[in-house]
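I opened this notebook page to keep track of what I look up, in the order in which I look it up. My interest is in how the parts of the structure meet.

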Protein chains: 2
Amino acid sequence: MDNLLTNGRYRELIRHYRLDEPIYVTRPRMPSLEAYGDCLKHIWDTKWLTNNGLYHREFEKKLSRYLGVEHLNLFVNGTIALLVALQALRINSGEVITTPFTFPASTHVLHWNRVRPVFCDIDPKTYNIDPNKIEKLITPDTKAILGVHVYGTPCDVEAIQTLANRHGLHVIYDAAHAFGVKIGDRSILEYGDLSAMSFHATKLFTSIEGGALVSRTKVQAERIYYLKNFGIAGEETVIGPGINGKMNEFQAAFGLLELDIVDQEMRARRERTLLYRERLADVPGITVMQDMPNVTHNYGYFPILVDPAKYGCSRDELHDVFRACNIITRKYFYPLCSTYPCYSILPSAHKQNLEIAERISLQVLCLPLYGDLSRDTIEVICHIVRNLT
Amino acid sequence: MDNLLTNGRYRELIRHYRLDEPIYVTRPRMPSLEAYGDCLKHIWDTKWLTNNGLYHREFEKKLSRYLGVEHLNLFVNGTIALLVALQALRINSGEVITTPFTFPASTHVLHWNRVRPVFCDIDPKTYNIDPNKIEKLITPDTKAILGVHVYGTPCDVEAIQTLANRHGLHVIYDAAHAFGVKIGDRSILEYGDLSAMSFHATKLFTSIEGGALVSRTKVQAERIYYLKNFGIAGEETVIGPGINGKMNEFQAAFGLLELDIVDQEMRARRERTLLYRERLADVPGITVMQDMPNVTHNYGYFPILVDPAKYGCSRDELHDVFRACNIITRKYFYPLCSTYPCYSILPSAHKQNLEIAERISLQVLCLPLYGDLSRDTIEVICHIVRNLT
């Protein structure tokens, strides 16, 4: 950064493009405050604040329908959903093979279930766990594969399932980014044993904080319901060691109203994505993601890769110039989970096993993307990328 | 119940007292909807829904001041606070000595931290863990004592601390019931290493769902902050395996407004408690709790014990008559945690070790208590208790 600020060319660029108001990497699309106020009136009338209330039941039903899934349990947040996913499958020892290129929650829930993460390198095109590198990591202690649909790009679900079937492993997906994503006509949530979703405020679709766990069977969905509600199966019956993973009525009402506007948000993000792609198509050293055939994307994020050799400056320099221009970009996901002090000593965390993940974590930068982001701001952002070097 | 309904005397009583509208065991005192609406306007303006926002910071500060504690971290709910308490102290194996007479969460969080609960019998007066029975349960594997201030009645904190000091054990309190309780001038939350609070909608003080963890030192409070936020210590630094335990802005704003009305609620509950005590003072076989010297109680619950031999009918029969009268009472805490299938096989779960807890769990019944409960309804409830036998 010191380099940058003393470099005349950068200083000129920053002076020229610096915005008065900060541009955040994302903003939630808010439902109508009036409509939310009507929900609150009902909550105030009934004094029913949580514990499977009216909005919870309604949201769960409508969300399942929207996503095209049969068995869905709402959660207070996505991390607790993922934590419970492992308990639901009784995975509480041994190893789970997972990706290092993800938000810390995906790896930490393994620790909270006493499971050792085994990091697997990622695919250079999708940035998701590379099925071709999974098999050599499977040991007698392996319990499951935990994939993450990073930026909503589907993992290679068929290849992963084939491996899992061959070795008798469970498959769990962290689908925190994958709201509304489909392969053909089928929801991405319908692959694997369980998929955990996040509706955190920074997500495309939000219920303030919130999450859900999608399962394959009614039996599993019932078990998950107990596990997120203290194991309570009746007024005088506790059937197992559950936790409090409940979503409250304020979150559920918010989510319910968001369902009405999420399509609009997704369309707006798609338009902005296409503009970004067009403007950045021919910048040497800058890679943008493209749509995959047969996939319905959700356009939740706009990550680019910055190859310093070809681009002429590093991802970190570009990030810092943006920061100086009052534009907040994010190094999602840097550093890799495998580099956190609590995991870096694991054999699978060695750099040489994770070359692709390492490179992408050093090159990736998520640019601002949300429905209210003005096209003018995107033009400014693209100008900066194009003119920095 | 069949007995009751075919018994002419009971049928007469039920016909006479049955209410048209159900009376619940508790109801939250709602803050002004208008004031809450003002908070929402701010949230809509800033689009800041969670992650240590304005209301979160304000609520944490004002709540600490109200409770008279220095180091407090807000949580999304009390169970996650208790779960994190054990991680904060690195208790993730071995045994913890605890009470079976509590809500399932207190015991389940031990399981989620891979700790074996060791059940200790309770004191027949306070219904809390009996310090005189703790020492013989301590083994080389014991890590901590987990006490619960049931109904807000303080555990024998001095005796427990003496034992803990002698054996080098941690002390954690589940203070879910103990909002505002003091011993002399000192908050009950200032005893032990950590105290976990719950602000669930069924509690005296509520933030919809919610909780807090009170610690002794700034260092500990910082570690807890990381643990509830994925271990994130900076934009590019993750220092340990944290979870998502964050309270959102909608909860924090609610809690902030509740702080203004909780004294009023406590006073109202105290008045209703005194009325109950007066009306039920001389009913043979019915025991009500009394205030303890030097303790500021919060009057969160009104539990009675029903001694069937002296009263003439059982707790379950009384509960069922109330239910038939449209009055919802609760067998808090029946069954004992030690009887859940997942714990009943443990040596410490044997009935003969838990005689007092067993008896009280069979005799206890929490009667409706909340600030808006009419005195007339209390008179009806007390009439039923007095005239059933």
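**Entry 1: domains of chain A.** I note at the outset that I am working with a predicted model. I looked up the domain assignment of chain A, which gives domain 1 as 2–27 + 262–387 and domain 2 as 33–259. I then took the distance between the C-alpha centres of domain 1 and domain 2 of chain A, and found 27 Å.

**Entry 2: where the two domains touch.** I found 35 residues of domain 1 of chain A in contact with 40 residues of domain 2 of chain A. The two domains of chain A bury about 3,300 Å² between them, and 67% of this lies on carbon and sulfur atoms.

**Entry 3: polar side of the domain contact.** How many salt bridges are there between domain 1 of chain A and domain 2 of chain A? The count is zero, whereas the count of residue pairs in polar contact between these domains, both residues at pLDDT 80 or more, is 14. I went on to the elements that give two or more residues to the side of domain 1 of chain A, and wrote down helix H10 (262–280), strand E13 (295–296), strand E14 (302–306), helix H13 (355–363) and strand E15 (364–367) of chain A. H13(A) has the largest share of that side, with six residues. By residue class, the side of domain 1 of chain A that touches domain 2 of chain A divides into 22 nonpolar, eight polar and five charged residues.

**Entry 4: the interface of chain B and chain A.** The contact takes 62 residues from chain B and 63 residues from chain A, and the area buried between these chains is about 5,800 Å², of which carbon and sulfur atoms give 66%. In chain B, the residues that lose the most area to chain A are Trp44(B), Lys47(B) and Trp112(B), together 15% of what that side buries.

Entry 5: I count ten salt bridges across the interface of chain B and chain A; in one salt bridge, the side chains of Glu235(A) and Arg323(B) meet at 3.5 Å, N to O. There are also 30 residue pairs in polar contact between chain B and chain A, both residues at pLDDT 80 or more. The elements giving two or more residues to the side of chain B include helix H3 (33–46) and helix H12 (315–324) of chain B, and H3(B) provides the largest share, seven residues. I sorted the residues of this side of chain B into 32 nonpolar, 18 polar and twelve charged.

**Entry 6: salt bridges overall.** My search of the whole structure found 48 salt bridges over all chains. I looked at Arg279(A) and Glu379(A), which form a salt bridge with their closest N and O atoms 2.8 Å apart. This pair links distant parts of the chain, 100 residues apart, with Arg279(A) in helix H10 and Glu379(A) in helix H14 (residues 375–387) of chain A.

Technical notes:
Residues are numbered from 1 along each chain as its sequence is written. Chains are lettered from A and ligands numbered from 1 in the order in which they are written. This is a predicted model: local features need pLDDT of at least 70, side-chain atom pairs count only at pLDDT 80 or more; totals for chains, interfaces and linings use all residues. Side-chain values use heavy atoms; hydrogens and water are left out. Domain bounds come from an automatic or database domain assignment. Contact means heavy atoms within 4.5 Å. Buried area is the accessible area (1.4 Å probe) that two parts lose on being put together, summed over both. A salt bridge is a side-chain nitrogen of Lys or Arg within 4 Å of a carboxyl oxygen of Asp or Glu. A polar contact is a pair of N or O atoms within 3.5 Å; within protein, one must be able to donate a hydrogen and the other to accept it, and residues adjacent in sequence count only if both atoms are side-chain atoms. Helices (H or I, at least four residues) and strands (E, at least two) are DSSP runs, numbered from the N terminus. Ala, Val, Leu, Ile, Met, Phe, Trp, Tyr, Cys and Pro count as nonpolar, Asp, Glu, Lys and Arg as charged, and the others, Gly among them, as polar.
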